[in-house]
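Have a look at the model first.

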Amino acid sequence: MTRSVTLVLTDPAGRLLGALPPFTVAAPWWQEVGEIVAEAGVDVTVLRLLSADRERPPGGHVTYLAVTPDRPAGLLPVDADFGDHPKRAPYAEIGGPAASLAWATGALDRIGIVDAIAHQQRTWNLSALWRFDGPDGVPVAWLKQVPPFLAHEKAVLALVDKVVPGISPCLLAGGEQGRMLLAHVPGDDCYGAGPEVCDEAAASFHPVQEHFAGWADEMIKAGLPDKRPDIAQIAAVALPFFDRLDGLRQLVEGLPRRLGRIEACGLPDTLIHGDLHPGNIRIDNYGPPVIMDWADAGVGNPAYDILRLVDSLDSAADASGPLTAWADRWRDSRPGSDPVGVAALIRPVAALQAAVTYAGFLDEIEPAEWPYHAGDVPERLSAAVAAAAD
């Protein structure tokens, strides 16, 4: 699957210039813009999605707004509305990336990294990413910027680093408007990794979760979101789908009993990563796994994270090893607890919580970017019903 792209261009003052002729890039994922920047044939900074020819990613034909200091020939006439929107991320505004890059360059200069070259990698409603390479072309740092509703990531990185240094990216500097300068993490992302990698990541993360067990109120006061199930909130998200998804109403109505059984299993709420799949694990040949992308972190049940990990594996047989080892660690940490029982009971709740998270994203972003997440809400609700039926 590929993606065809149209770039609507403005100058740095926000004056509409026209559109580049459509071109194709290999990466189908809409938020990935590094290849777009490389293939555009003109100096561009991609700001945000304007429209797409399908309801959700990946692939298809996608139109973005981009800024260029140039005035390329051969632009196509276009009628585009890119006025202000109150829910637009700062980095998606004209002038926003330039301000963030200036901040990052200043932070790099202060720590002695000079002449680093920035390369735009990603922009969407959940983050913007820029890679900084040294003069020799070797990556040295990353600028990550998140919207206001994910601004807690900076605090999470600081908390985690105090407990297990090196398990998360090193925060070199933090700034306003969700800006973070992160040290480069060598190695490869572990998309498609097997049970060994999943178990190693879970084992590395366990001391962090054990440390923060029982500190829910303190973490929430520090700015972390509360991701413990709120039945009223879940019901509000699920209600529009009751007539479309058989079994959803019964699942929601049965939540008080299910949550009571989960609590009786004795596993404490703690810090959760929130999106602990193998693609957010990075490994090289010289050290333990580094867990990336903490923007979805919050306070919740640790079973959410192990389920996210093992659900990426090919079979129940592959999942059994990491899941058993995870349960053994929690039984050692909390004698008398029933981690296996929690994992079995909480699976549909995890899917319901994910639907709530995606609904929250939709509430916080401008309508042009809803296609990134709109399909995720019914998908997760359907997954919850299926999990409850197993």
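Let's start with Pro148, which sits in the loop between β8 (139–145) and α3 (153–163); helices (H or I, at least four residues) and strands (E, at least two) are DSSP runs numbered from the N terminus. Pro148 is exposed, at 66% relative accessible area, where exposed means over 50%, buried under 20% and partly exposed in between (1.4 Å probe, protein chains only). Its C-alpha atom is 23 Å from that of Val67, 81 residues away along the chain.

Bear in mind that this is a predicted model: local features need pLDDT of at least 70, side-chain atom pairs count only at pLDDT 80 or more, and totals for chains, interfaces and linings use all residues. Residues are numbered from 1 along each chain as its sequence is written, and side-chain values use heavy atoms, with hydrogens and water left out.

**Salt bridges**
- The structure holds 18 salt bridges, each a side-chain nitrogen of Lys or Arg within 4 Å of a carboxyl oxygen of Asp or Glu.
- Arg56 pairs with Glu379, with the closest N and O atoms 3.9 Å apart.
- That pair ties together distant parts of the chain, 323 residues apart: Arg56 is in the loop between β4 (45–52) and β5 (60–67), and Glu379 is in helix α12 (residues 376–389).
- Arg56 is partly exposed at 32%, and Glu379 is partly exposed at 39%.
- Arg331 and Asp328 form a salt bridge at 2.6 Å between the closest N and O atoms; both lie in helix α10 (residues 316–333), three residues apart, about one turn of the helix.
- Salt bridges with shared partners join Arg48, Arg88, Glu93 and Glu366 into one network.
- Within it, Arg88 and Glu93 have their closest N and O atoms 3.7 Å apart; Arg88 is buried at 11%, while Glu93 is partly exposed at 24%.

**Cysteines**
- There are zero disulfides in the whole structure, going by cysteine sulfur atoms within 2.5 Å.
- For Cys190, the nearest cysteine sulfur is that of Cys198, 8.6 Å away.
- Cys190 is buried at 10%, and Cys265 is buried at 9%.

- One cavity of 30 Å³ or more turns up, a cavity being a set of points on a 1 Å grid over the protein atoms alone where a 1.4 Å probe fits but cannot get out.
- The largest cavity has about 50 Å³ of space, and its lining residues (an atom within 4 Å of a point) include Phe205, Asp305 and Trp326.
- Helices α4 (195–212) and α9 (303–310) each give two or more residues to that lining.

Note on methods:
On a 1 Å grid over the protein atoms alone, a cavity is a set of points where a 1.4 Å probe fits but cannot get out, and a pocket is an open set with protein on both sides within 12 Å along at least five of seven lines; lining residues have an atom within 4 Å of a point. Grid points are joined across faces, edges and corners, and a volume is the space filled by probe spheres set on the points.
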